[in-house]
Each structure stands twice: as C-alpha cells, then as structure tokens.
Amino acid sequence: QVQLVESGGGLVQAGGSLRLSCAASGSIFRINAMGWYRQAPGKQRELVAGITSGGSTDYADSVKGRFTISRDNTKNTVWLQMSSLKPEDTAVYYCAVDEVDPSNWSFSKHWGQGTQVTVSS
C-alpha cells in the first residue's frame, strides 16, 4: 500500500510563491508518473502538472511559465514550485502517483489527502 504525504500549502498574496511537497512511502514496487491536481469549489478536479519517471513534464495552460514540477526518484518525492500566484489558483491541491503493478504491469493510481492553497488578491 502506498501512502502519500503532502505539505506546503497555505495562504499567500497574489504574486507570491509556494512550494508543495509530496512524499510516497510504504510497499512500493515502482512509481511511474507523478503529478499534481487541483480542485476549486464547484469545479472538477484538473491536472495541474505531471512528470514521468524520465523527467518529461506537462503543464496545464493556465500554469505554464509560473509552476514547475520536479521529482527525486530515489526519494519517491515530487514537488510543485508555484510562482506568480493568482487568486484563481486557489484550490485544494492533490498529489497523485501511478504505481506499477508487477503482477500484470498495469498502473494503480494513488492520491494524497490534499492541501489547501489560498491566494488572496
């Protein structure tokens, strides 16, 4: 079983920065992709940024140039550096990882508990 522990959320003024961290622990065979999602009140959860085990990244258009995702495969940890934050970035941010199941080489997705990010204007 994989456990994800997130940290780094909080309240920040518009234009400020925050760094989110997510560490995976437990009985882990191998983690493939890691990512950050967010969900604002009344909206669907959306992918903010993703990163493969090889380091390839993908970002939502709304955060390109402002957010940076990175990971340390040796520590099963992923970070999201958020800069030039806007009020519309306010949401609960969730970490997610795709764990490889060696019995059938499929992926199982695991979610963190979420961390609140609030950007004031």
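**Strand pairing and the disulfide**

Tyrosine 93 has threonine 115 as its bridge partner in S11, and in this predicted model the two strands concerned, S9 and S11, pair in the antiparallel sense over three bridges. Two strands are said to pair if DSSP finds at least two bridges between them, while strands (E, at least two residues) are themselves DSSP runs, numbered from the N terminus. Residues are numbered from 1 along each chain as its sequence is written. Because the model is predicted, local features need pLDDT of at least 70 and side-chain atom pairs count only at pLDDT 80 or more, whereas totals for chains, interfaces and linings use all residues; side-chain values use heavy atoms, with hydrogens and water left out.

Strand S11 (residues 115-120) also pairs with S2 (residues 10-13), here running parallel and joined by four bridges, and within this pairing glutamine 13 has serine 120 as its partner in S11. In a regular strand the side chains alternate between the two faces of the sheet. In S11, Thr115, Val117 and Val119 make up the covered face, whereas Gln116, Thr118 and Ser120 make up the uncovered one.

The structure holds one disulfide (a pair of cysteine sulfur atoms within 2.5 Å), and the sulfur atoms of cysteine 22 and cysteine 95 are 2.1 Å apart. The torsion about their S-S bond is about -75°, and the disulfide is therefore left-handed. Cysteine 22, at 1% relative accessibility, counts as buried (under 20% relative accessible area, with exposed over 50% and partly exposed in between, for a 1.4 Å probe and protein chains only), and cysteine 95 is likewise buried, at 0%.
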